[in-house]
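Please open the model in your viewer and keep the selection tool at hand.

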Amino acid sequence: MSVTIPNSPVHSDTILTAVYGETGPNWARFHTGTDFAPTGSTPANPQLFSVCDGEVVNVMYDGTLGNQIQIKDDATGNYWRYCHMQSASPLSIGDRVNTGTQVGVMGATGNVTGIHLHLELSTTMAWNYDTFLNPSTALGIPNERGTIVKYDGSAPPPEPPSEIVKKKFPWVLYAKKFRNNRWQIFLNSI
Ligand SMILES: [Zn+2]
């Protein structure tokens with residue numbers, strides 16, 4: 001079956017290759033996220049987009065989940081984690097994102113068998129089996145392998161990462177007292 005949503009993590013077609021709560025030899029306890037893989041005309045390494053308005057709270061790498069970014073969802077206070085990204089996210093901790101902001105590129109870093117997005121949702125920032133939620137449910141898609149997820153095209157065009165531009169004032173003002181007891185003010189570039 002196929003479902004079309006406004007906040008897909010990929011802006012072209014994907015297929016769910018594993019879903020939340022599955023058990024089996026691939027997983028220590030259960031599958032903790034929803035897996036999206038490219039399908040149809042979607043390129044092998046598609047861009048990934050935020051599924052919510054929120055704030056970047058973590059950008060990291062580990063050997064299991066690969067390159068990751070975590071976003072705290074403004075609406076729910078829950079944490080989305082995008083895993084196995086091709087490279088480190090262009091975003092930084094503290095950056096604001098909107099639904100549709102690019103957060104990275106799908107990849108196969110960490111412990112994987114192929115390119116896909118492993119998308120997790122949790123009530124806590126820490127990775128914890130006891131606090132996971134079903135990302136499929138939150139996105140309004142069936143938690144069923146083989147589901148084709150389509151994007152409805154409604155998100156605004158991706159924005160570049162937000163950035164605080166730090167500008168130093170390039171001049172310094174100082175005063176100097178001369179022997180004749182007169183002061184002179186200087187403006188110097190630094
Ligand atoms: Zn997965």
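Strands here are DSSP runs of E with at least two residues, numbered from the N terminus. This is a predicted model, in which local features need pLDDT of at least 70, side-chain atom pairs count only at pLDDT 80 or more, and totals for chains, interfaces and linings use all residues. Residues are numbered from 1 along each chain as its sequence is written, and side-chain values use heavy atoms, with hydrogens and water left out.

First, select strand 7 (79–85) and strand 10 (117–122); each supplies at least two residues of the lining of the largest cavity.

Is His-84 buried or exposed? His-84 counts as buried because its relative accessibility is 4%, the limit for buried being under 20% relative accessible area (1.4 Å probe, protein chains only). Its side chain reaches the backbone oxygen of Thr-109 at 2.8 Å.

Finally, select Phe-36. Leaving aside neighbours within four places in sequence, the residues in contact with Phe-36 include Pro-9, Leu-16, Met-106, His-116, Leu-139 and Val-149; contact means heavy atoms within 4.5 Å.

Technical notes:
Helices (H or I, at least four residues) and strands (E, at least two) are DSSP runs, numbered from the N terminus. Buried means under 20% relative accessible area, exposed over 50%, partly exposed in between (1.4 Å probe, protein chains only). A polar contact is a pair of N or O atoms within 3.5 Å; within protein, one must be able to donate a hydrogen and the other to accept it, and residues adjacent in sequence count only if both atoms are side-chain atoms.
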